[in-house]
Amino acid sequence: ATINGSPLKIDLSVSAKGTSGHATDLSLEAGGGKLGFKGTLSELGPNAKIGGVATASADSLTGFIATLMKIAGQPEPALPPLLAGKFSFDGSIDVSQTAFAAKDFKLSLAGDNGSGSLSVTLKPKLAVDGKVVIPRLDLDRALASLAQPAPAAAKPGAPVAPAAPTSTSSTSFLADLTAKIAIEAGEVVYNKTPIRNVALELDARNGAVAVPKLAATLPGDMVLQARSTMSGDPARPTVSGDFSLVGPKLRDTLKWLEVDTSSMPADKLNKVSLKGRMASTGGNVQVSDAAFELDDIKGTGGVVVTFSVPLSIVASVNIDTLDLDPFLSGKPAGGGAPAKAAPVASASSGPVAAGPSVGLKARINKLIYNKESIGGVDVDIALQGGTLKLNDVKVSNLAGARLAVRGSVADFSTPAPRAF
């Protein structure tokens, strides 16, 4: 059959009602994709419960979804290019008006494979319980896809309404959610180099978020480890635990992050560590009372992770005295003249994926530059995609004067950034 200009092949059989309901067998083909289900239907009506084995496959998930929407007489959605790859799903499902579950499923999208289970309860309160295991995730490919503009869904010649500003929220979506989530990845490829043995477990309940397990080994042998648990009154639980980030080969880690350290003295930027206590309020994960060390520089600090849209990560650092002169003097690592700076991508190289918001709040009581003391430096900045926000940058004593800067810099990662 052809519906709304799209070929459709569908086979559906529903038996008479038996002790376990109506035996149901569905097969659908359209738009380069296939959808199948074999199981039971508890009744014929809006209160039906569905259970059985579901399968789906498509040469392009976006093309398959667009075709199904067109057949249903609905506008074709503007889906992100990330979903344009080959797709497959196979697993047991249970569906009702109040809950959804997929058990022992296998999922593949654009060459990345995973398996696991997921259950979502809608009533009386939203709750999520899931575990996903991914042998290998190509994050480079995913970020490249997210950076591409989604194809316009409007018909040629039709007027296009201006895009609404991207909405953001500072509220954690875990604040009112009950959730147990576990993600394991053998390796996550970023900047063409794998992050190994990645594991993340979250336990959210009544505004508190525990992290039973957080682990990863980054390039440069940087090891991330964290663990926290809930205790106390279940209605108002408290969270406590430990956090550790230790990088004995910081230059290797920075090289992976495409940070050029060739002009720095050889005895600088060699090791880093951050160790502190974990807690949680308002659906956030916090690291507090942390001891921070960078080479021979010591300070205190912390981290706050807010599971909002976009994800927000804010690090804080407090240092009594920071002498910049040793970082700016002496021969670069390896001797000889400083290496030429690596070429920077041009502004026309394409849009930058928005990604999370990464912030830094730093307090330095005394900053030494060119043997001159600068007193009371406070920095509050955030970077999201290509925009650097200067929320508040203040210097209380700069040669007897005060300095305060606020604003934003667009296209920060390009040769032609724009302040506004």
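Predicted model: local features only at pLDDT ≥ 70, side-chain atom pairs only at ≥ 80, totals over all residues.
1. Let's start with the salt bridges. The count for the model comes to eleven. One of them joins arginine 136 to glutamate 187, with the closest N and O atoms 3.0 Å apart. That pair links distant parts of the chain: arginine 136 sits in strand 10 (residues 127-138) and glutamate 187 in strand 11 (residues 178-190), 51 residues apart.

2. Now look at how the two partners sit. Arginine 136 is partly exposed, at 40% relative accessible area. Glutamate 187 has a relative accessible area of 18% and is buried, because buried means under 20%.

3. Next, a bridge between loops. Aspartate 221 and lysine 249 form a salt bridge, and their closest N and O atoms are 3.1 Å apart. Aspartate 221 is in the loop between strand 13 (208-218) and strand 14 (222-231). Lysine 249 is in the loop between strand 15 (238-247) and helix 3 (250-256), and the two residues are 28 residues apart. Aspartate 221 is partly exposed at 41% relative accessibility, and lysine 249 is partly exposed at 40%.

4. Aspartate 392 is worth a stop. You'll find it in strand 22 (residues 387-398). Which residue does aspartate 392 form a salt bridge with? The partner is arginine 406, with the closest N and O atoms 3.5 Å apart. Aspartate 392 lies in strand 22 and arginine 406 in strand 23 (residues 401-410), so the pair ties together parts that are 14 residues apart in sequence.

5. Is aspartate 392 buried or exposed? It is buried, with a relative accessible area of 19%, whereas arginine 406 is exposed at 60%. Leaving aside neighbours within four places in sequence, aspartate 392 is in contact with Asp378, Val379, Asp380, Val405 and Arg406.

6. On to the strands. Strand 16 (residues 272-279) and strand 17 (residues 284-294) pair in the antiparallel sense over seven bridges. Valine 272 stands opposite leucine 294 in strand 17. Four residues lie between these strands in their hairpin, where glycine 282 takes a positive phi near 60°.

7. Strand 17 has another partner: nine bridges join it to strand 18 (residues 297-306), and these two run antiparallel. Here glutamine 286 stands opposite valine 304 in strand 18. The hairpin of strand 17 and strand 18 has two residues between the strands, and aspartate 295 in the turn has a positive phi of about 55°.

8. Some backbone details to check by eye. Most residues other than glycine have a negative phi, and most peptide bonds are trans. The peptide bond from lysine 123 to proline 124 is cis, with omega near 0°. Proline 124 is in the loop between strand 9 (112-121) and strand 10.

9. Alanine 110 has a phi near 55° and lies in the loop between strand 8 (99-109) and strand 9. Asparagine 370 has a positive phi of about 55° and lies in the loop between strand 20 (357-369) and strand 21 (372-384). Alanine 110 is partly exposed, at 25% relative accessible area. Asparagine 370 counts as exposed at 57% relative accessibility, because exposed means over 50%.

Terms used
Residues numbered from 1 in each chain as written. Heavy atoms only, no water. Contact = heavy atoms within 4.5 Å. Salt bridge = Lys/Arg side-chain N within 4 Å of Asp/Glu carboxyl O. Buried < 20%, exposed > 50% of the residue type's maximum accessible area, 1.4 Å probe, protein only. Pairing = 2+ DSSP bridges.
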